[in-house]
Amino acid sequence: MSFQLNKSAGLAQVTLAKTKVTAYLSESVCRARFTPDRHDISFQDLLASNARQIRAAVWRRSAVSAQSTFVLRPIDF
């Protein structure tokens, strides 16, 4: 799994290795879903520390959706 950040848009592009599945995760959804240990944690660090949960959400969403590109919603977690 890889993350690419678009800081100006506040989005992370999440791509699963060996698949063509791409998901987008907004910084606001990520911060609302994952309570950081520190108030000043960067978006990149928040993604890295919650990678396992994000990967699982992408897999679940891709399993029920015929789409290979989608936006992760709070309900996906």
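**View 1. The hairpin of strand 1 and strand 2.** Strand 1 and strand 2 form a hairpin with four residues between them, and Gly10 in the turn has a positive phi of about 70°. Strands (E, at least two residues) and helices (H or I, at least four) are DSSP runs, numbered from the N terminus. The model is predicted: local features need pLDDT of at least 70, side-chain atom pairs count only at pLDDT 80 or more, and totals for chains, interfaces and linings use all residues. Residues are numbered from 1 along each chain as its sequence is written, and side-chain values use heavy atoms, with hydrogens and water left out. Strand 1 (residues 2-6) pairs with strand 2 (residues 11-15) in the antiparallel sense over five bridges; two strands pair if DSSP finds at least two bridges between them.

View 2. Four strands make an open sheet in the order 1-2-3-4, with mixed pairing. Strand 1 and strand 4 (69-71) stand at the edges with a single partner strand each, so one side of each has no neighbour in the sheet. From one strand to the next the twist averages 20°. Helix 3 packs on the sheet and touches strand 1, strand 2, strand 3 and strand 4; its direction makes about 120° with that of strand 4. For such angles, axes are lines fitted to C-alpha atoms, for helices over the stretch in contact, and angles run from 0 to 180 degrees between N-to-C directions.

View 3. Leu25 lies in strand 3 (residues 22-26). Leu25 is buried, with a relative accessible area of 0%; buried means under 20% relative accessible area, exposed over 50%, and partly exposed in between (1.4 Å probe, protein chains only). Beyond its neighbours within four places in sequence, Leu25 is in contact with Gly10, Leu11, Ala12, Cys30, Phe43, Leu47, Ile54, Leu72 and Phe77, where contact means heavy atoms within 4.5 Å. The largest nonpolar core has 18 residues, and those with the most contacts inside it are Leu25, Cys30, Leu47, Ile54, Val58 and Leu72. Two or more residues of this core come from each of strand 2, strand 3, helix 1 (27-33), helix 2 (43-49) and helix 3. A nonpolar core is a set of buried Ala, Val, Leu, Ile, Met, Phe, Trp, Tyr and Cys residues joined through side-chain atoms within 4.5 Å.

View 4. Thr22 is in strand 3 and is buried at 13% relative accessible area. Not counting residues up to four places away in sequence, Thr22 touches Gln13, Val14, Thr15, Ser68, Thr69 and Phe70. Arg61 has its place in helix 3 (residues 51-64) and also counts as buried, at 14% relative accessibility. Leaving aside neighbours within four places in sequence, the contacts of Arg61 are Phe70, Val71, Leu72, Arg73 and Asp76.

**View 5. The aromatic pair.** The count comes to one aromatic pair; rings of Phe, Tyr and Trp (its six-membered ring) pair if their centres lie within 6.5 Å, and planes under 30 degrees apart count as stacked, over 60 as edge-to-face and the rest as tilted. Phe34 and Phe77 form this edge-to-face pair, 5.3 Å centre to centre with 80° between the planes. Phe34 is in the loop between helix 1 and helix 2, and Phe77 is in the segment after strand 4, 43 residues apart. Phe34 is buried, with a relative accessible area of 5%.
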